[in-house]
Amino acid sequence: MGKVLMKGNEAIGEAAIRAGCLNYFAYPITPQSEVAEYLSRRMPEVGGMFLQGESEVAVSYMLFGASACGERVFTTSSSPGVSLMSEGLSYISGAQCPAVFVNIMRGGPGLGGILPSQGDYFQATKGGGHGDYRLLVMAPASVQEAVEMVMTAFPLAEKYRNPVMILGDGLIGQMMEPVEFPDDLASEPVNKDDWATSGMDTRKSENRNLVKSLYLSSEELNKHNLHLKAKYDRMRREEIRYEKYNIDCDYKALIVSYGTMSRVCKTAIDNLKKEDFKVGMIRPQTLFPFPEKAVNEAASKNSCKIVISIEMSMGQMVEDVERAVIGKRPVRWYGKCGGDVPTPEEVIDVIKSMVKEA
Amino acid sequence: MSKTFKKPECLSDLHTHYCPGCTHGIIHRLVAEVIDELGIKGRTVGIAPVGCAVLAYNYFTFDFQEAAHGRAPAMATGIKRVRPDLIVFTYQGDGDLASIGMGEIIHAANRGEKFTTIFVNNAVYGMTGGQMAPTTMPDQRTTTSPFGRNVKEVGMPIKIAELLSALETPGYITRQSVVKPKYIVRAKKAIKKAFQYQIEGRCFSLVEVVSTCPTNWGLTPVQAIKWAEETMLPYYKLGEFKVPE
């Protein structure tokens, strides 16, 4: 199939179907409601299941129940909705069930606004729900990348028996871009007979399966958490993804930016290049695990005077950037989070003044 | 000589953690007997609640999931929507279902989800230590209503069976009890009927079971049975409130 012009939200819905996921539960919320609208008519065409739940809380548990009996499931929401789903995310992670969650971020806190934001970085990468769990978090910078990340998310969720979150900002959901759905990213679900409550007859087994997150003995709970930690450590070893941009020159400043914001930064970098002002960028594609080593190495370049985290939030990813740079260079933050994306000109001014001060 | 009375295949050999005089054990047994008799063990998935029955999965021998507080009906919805061939039931107490999970149960019932809910109403939070529930009786003392439930401040106890029966969507809604042998016989029939409606793919089914909690009521098991009969049953009337046509 060739390229088609699609709105991000619709492409995300279609990508899940192409990946082999035919079960979708959701609750409407701006700016991602088009996913539910699209799938409410598309799922019946492909023999899939669409259900609009009564709340995001309920939806997260519909995913839990369906995933726990072995089926592929996904949902989409936006920031306030993901707060409500965070309870379920904690339980699903604790019970080690695969599921794919998409957050098309809008501004917060509270109702905030409906325009694009990257204000849920902490929520996605540091928890959101209670307890020691992590999500594998991927951040697309284009509709095409959103499609590919959604398609990759299902086998990854099954590999780790853990929820995967696609963290896109409102622009990714609302923007129309040409996309294609790579056939080679379609996948078959793995065999889940050793844990899923799919019914003993289905598995032709005499042994029942149990899906739970309760461990009343302190020893057992500690052991369970060590097992979860081992999975998160494995993600850190095997799943880090990032893009380098303009990194093979003697840049004065290193930008770390993701999602829509990173596209504006690329334009700024290209324009600065014309003035012979060199700036490099690391664009994390996975936010957890965070590309710490790549950021550290890029920051260590002799020519690099400063590292700037540019994000559509009041400074969230910057904490991971600081942790990666470990004091080797000064780390600064620049961002906006009312819904306006900083322009290339604003980014250029910020870079110039921060480099001057460094 | 053949055995005429034995433990259901669907019950495990474990001793339960329930207090002396608690009726959860009876209700577990009724559910297990029904699943045995219907021959559906191999395709049944139970969902345990938060509360005293959180460990129910230890006492049954088929597939089980453990829910968060009140969310079992959403999980059951998830299962039935992707695997309609499985037989699914939630086992929930009154704090779980009638308080924190009220939204989930009403919407699941109203969508006509084809699963079964066993709703154990003993008018108190058990596991957390005897706090007031939405079903706590007027003037009943609990650890959070030490002077008795003041209905002027917190309203009257919620009658779940009646409330769910008001929905227009077809369903099987009944209230039973297990505080006397004759009630136990009727409760089993109702539980069986509820599962049968599910097997036939006809409707949502809920069996409310008026139950006891001697420990948190501060009564002996015998006194608790008497209290349930004299105080709860006149308010929580037994019977079928809704039957699908």
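Before the first sheet, a reminder to myself: two strands pair if DSSP finds at least two bridges between them. Also for the record, this is a predicted model.

**Entry 1: a sheet in chain A**

I traced an open sheet of five strands in chain A, in the order E10-E12-E11-E14-E15, and its pairing is mixed. Which strands stand at the edges? They are E10 (242-245) and E15 (331-335) of chain A; each has a single partner strand, so one side of each is left without a neighbour in the sheet. Direction ignored, neighbouring strands here are turned by 20 degrees against each other on average.

I then zoomed in on one pair. E10(A) and E12(A) (residues 279-284) run antiparallel and are joined by four bridges. In that pair, A:Glu243 stands opposite A:Arg283 of E12(A).

Next I checked what packs on this sheet. Helix H12 of chain A (residues 317-325) does, touching E11 (253-256), E14 (306-311) and E15 of chain A. Helix H13 of chain A (residues 344-357) packs on the sheet too, and touches E11, E12, E14 and E15 of chain A. The direction of H12(A) makes about 155 degrees with that of E14(A), and for H13(A) the angle with E14(A) is also about 155 degrees.

**Entry 2: chain A as a whole**

I counted 13 helices and 15 strands in chain A. Its radius of gyration is 21 Å, close to the 21 Å that the globule rule gives for 358 residues, so chain A is as compact as a globular protein of that length. Along the principal axes, its C-alpha trace spans about 70 × 50 × 40 Å.

**Entry 3: two helices side by side**

I picked H3 (residues 56-68) and H4 (residues 79-94) of chain A, whose axes come within 7 Å and cross at roughly 30 degrees. Angles under 35 degrees count as roughly parallel, and H3(A) and H4(A) are therefore roughly parallel to each other. The crossing is right-handed. The contact includes A:Val59, A:Leu63 and A:Phe64 from H3(A), and A:Leu84, A:Met85 and A:Ile92 from H4(A). By class, this contact has 10 nonpolar, four polar and two charged residues.

**Entry 4: a sheet that takes in both chains**

What is the order of the open sheet of eight strands? I read it as E9(A)-E2(B)-E1(B)-E3(B)-E4(B)-E6(B)-E5(B)-E7(B), with mixed pairing. Its edge strands are E9 of chain A and E7 (239-242) of chain B, each pairing on one side only. H2(B) packs on this sheet and touches E1 (44-48), E2, E3 (87-93) and E4 of chain B. The direction of H2(B) makes about 175 degrees with that of E3(B).

Where the chains join, E9(A) (residues 210-211) pairs with E2(B) in the parallel sense over two bridges. There, A:Val211 stands opposite B:Gln65. Inside chain B, E4 (residues 116-121) and E6 (residues 204-210) are also parallel, over six bridges, and B:Thr117 has B:Leu206 as its bridge partner.

**Entry 5: where the chains touch**

I found 27 residues of chain B in contact with 29 residues of chain A. On the chain B side, E2 (63-66), H2 (72-82) and H4 (102-111) each supply at least two residues. H2(B) gives the most, with eight. The residues on this side divide into 13 nonpolar, seven polar and seven charged.

How values were computed
Residues numbered from 1 in each chain as written. Chains lettered and ligands numbered in written order. Predicted model: local features only at pLDDT ≥ 70, side-chain atom pairs only at ≥ 80, totals over all residues. Axes fitted to C-alpha atoms, helices over the stretch in contact; angles between N-to-C directions. Parallel < 35°, antiparallel > 145°, perpendicular 65-115°, else oblique. Left-handed = near helix turned anticlockwise from the far one by under 90°. Contact = placed C-beta atoms within 7 Å. Nonpolar A, V, L, I, M, F, W, Y, C, P; charged D, E, K, R; others polar. Rg over C-alpha atoms; globule rule 2.2 N^0.38 Å.
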